[in-house]
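Subject: Structure handover

Hi,

Here is the structure for your review. My notes on contacts and helix packing follow below it.

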Amino acid sequence: MKVLIKNGHVVDVKTKLDGIYDIFIENGKIVEIGHDLELINGDVIDASGMYVLPGFVDAHCHLRDPGFEYKEDIESGTMSAAMGGFTSIACMPNTNPVIDNESVIRYIKSKAKQDGFVNVYPIGAITKGLKGEELAEIGELKFAGAVAISDDGNPVSNSSVMKKALQYASMFDITVISHCEDRELSDEGVMNEGYQSTILGLKGIPTAAEEIMVARDLILAEYLKVPIHIAHVSTRLSVELIRNAKKRGVKVTAETCPHYFSLTDEACSGFNTLAKVNPPLRTRQDVDAIIEGLADGTIDIIATDHAPHHADEKDVEFNIAAFGMVGFETALPLAITNLVKPGHLTMNQLVEKMCLNPSKILGLNKGTIEVGRTADITIVDINEENIINVNNFKSKSKNSPFDGFKLTGAVYYTIVNGNVVVREKVLL
Amino acid sequence: MYLKSKDLLGLKDITAEEIQYILDTAKTMKMILESKNKKTPHLAGKSIVTLFYENSTRTRLSFELASKYMGASSANISVAASSVAKGESLIDTGKTIDAMGTDVIIIRHPMSGAPHLLAKHVNASVINAGDGMNEHPTQALLDMFTIMEKKGRIKGLKVAIIGDIYHSRVARSNIWGLTKLGADVSVSGPSTLLPPEIDKAGVRVYNTIQEGLLDADVIIGLRIQKERQQKGLFPTLREYSRFFGLDDKRLLLAKEDAIILHPGPVNRGIELSSSVIDGERSYINEQVTNGVAVRMALLYLLTRRSSNESIN
């Protein structure tokens, strides 16, 4: 199988490519990057006017498989990822059964191989059953193929357990992803605590609930001299704490999600359960700080936290609605619309946040366009405007607050392991 | 004039003109209520259901009598709050009630926004009889009606709302309604029982009852619930009463002709002293009468609106 991508604007951070190039792919690998390449017998993609980027790597998503296949499964989740330009995704362990042992890892890997449209990398649990009490068999998880460990959805509330987890995981050189939330402070809150929660009469989650745990984890990582990755950063002070820690040399990496740089808690108006997410959507000053953190490098990556839920779990009272929103198919347009177009991030920075850095954090050999590497490539038009329509999503779930939004930027091609999976915005 | 929405979900979303219109209509209803023969045919042929997920005595009875005085058929459904999460979904329950030809569903629910969810999925008019910490619009309307009756106006009056503002849907509805009609509203309570950034709603915020009471024309006391103390929001009822209880001495800070309202039921000796409750400036019992009048007005206006719609 031969593919030639012609005349696209290639942006790659690792190889420092930033200009018009042709890329020749053969047998799943990138074999040549140059000018005026020709291909007689094969697939020629005209990428003129478009950006040719390394395939996006998502370090944080929920595929709901095994256990919650009515929300999403590996097939539908990877279809959705491919449509969003993601070629490699790391799925969180809050499945049923939890990914806290080798057999679940094996199940996910084999199912992904069989049904998957993109590369799937499981994230193992930090603690058995995500209970925050006893460490999971982290060594076994690592050798079975876990790319990171996390109790995502739950914090590791006990500081002593977290200390041991960081210490133990460092021995296996596996990234610990922390969901930072002080549950005593969030205390059944359902949205950001502030004026919006006041006028809706909904119980708030203070920004401090996140920040206290961010601070704790930074202190533990500094004390132990081990790395830590902070998931879904949503507040101004979290950004500030991480920025300071980085200055002190703490080995911290941080992520945010498109909704945290795109929406404020005003999206919850009218009891809009589609805007219910954890951590919650915050205020304008937090959104501005998140964008600043992305721009100055405090926040290393953009992850989706793709969290599919069935309509019946959202068409209920706000208090009992599920937390989370789908994210694969809106990530790129939100990043282009809210980060690149306003001039906060360059395309190079975007590639760093969505390709190279997540790949590094997960220890994958991905996120770059380089001769000799597996061809994971995403081709995007950053000028095309579209009205988001959730009914077009390939995800089984449609829980997006961005339905009806006019956004700029569209994924035209997704190439996974040299195979064209999305062509002209259509899943093959 | 017609109300713009088929529902009354809160005072946050309706205009000052609509509020005034409901209050004016309630005047007529009060005359009916005070007459010997409390019967009008305004709601003849209409069916009204109260759907209560929380216990209530006075609000439910008030709606039920309002319906009966105007000749509607009414029925009551009580659902245990504990079954909200595991029982039939609110939407399904609502659609079932709707399918039986109900014109108005009056809902009380422990979760904020439940009436809004219901309203989206039924053809019937939905009246919010209290949702979580969000709104209790008919209570605020009856408070405003009582103020109008006693003071002749709302605009420019200093209204002090005192107590647990954080958990109070009555406070929120009153804040929206009273500020829309031009009152100068303050809230006072322990700092742990004030909702964040409530000042942005256009009210003055105080941490002492004295500041709130100063020169007030109207005082609205709120019920303090014992569970809040158990959750650690204030140390003891004794201390609450010491700093925020309204007694005759503190009442001297308010204007001489200040009136006292309370949504009931009152914890005697805690938020209000018995002498204040039973004093001549307290209109707590009159509020109850006015509640029926306001609810009659609202039921009439909402059903009239829907009848008009079906003719068009």
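Start with the side chains of B:Lys231 and A:Asp187, which meet in a salt bridge at 3.3 Å, N to O. A salt bridge here is a side-chain nitrogen of Lys or Arg within 4 Å of a carboxyl oxygen of Asp or Glu. The count between chain A and chain B is 1 salt bridge.

Some ground rules. This is a predicted model, so local features need pLDDT of at least 70 and side-chain atom pairs count only at pLDDT 80 or more, while totals for chains, interfaces and linings use all residues. Residues are numbered from 1 along each chain as its sequence is written, chains are lettered from A and ligands numbered from 1 in the order in which they are written, and side-chain values use heavy atoms, with hydrogens and water left out.

Next, the interface. In chain A, 19 residues are in contact with 26 residues of chain B (contact means heavy atoms within 4.5 Å). About 1,700 Å² is buried between the two chains, and carbon and sulfur atoms give 60% of that area. Buried area is the accessible area (1.4 Å probe) that two parts lose on being put together, summed over both. A:Tyr195, A:Thr198 and A:Glu317 supply 35% of what chain A buries against chain B, more than any other three residues.

Over all chains, the search finds 37 salt bridges. One of them joins the side chains of A:Arg243 and A:Asp296 at 2.8 Å, N to O. A:Arg243 lies in helix α8 (residues 236–248) of chain A and A:Asp296 in helix α10 (residues 284–296) of chain A, so the pair ties together parts 53 residues apart in sequence. Helices are DSSP runs (H or I, at least four residues), numbered from the N terminus.

Now helix packing in chain A. The axes of α11(A) (residues 328–340) and α12(A) (residues 347–361) come within 11 Å and cross at roughly 140 degrees. Axes are lines fitted to C-alpha atoms over the stretch in contact, and angles run from 0 to 180 degrees between N-to-C directions. The two helices are therefore oblique to each other (under 35 degrees is roughly parallel, over 145 roughly antiparallel, 65 to 115 roughly perpendicular, the rest oblique). From α11(A), A:Ala331, A:Leu332, A:Ala335, A:Ile336 and A:Val340 meet A:Met347, A:Leu350 and A:Met354 of α12(A). That contact has 8 nonpolar, no polar and no charged residues. Ala, Val, Leu, Ile, Met, Phe, Trp, Tyr, Cys and Pro count as nonpolar, Asp, Glu, Lys and Arg as charged, and the others, Gly among them, as polar.

Best wishes
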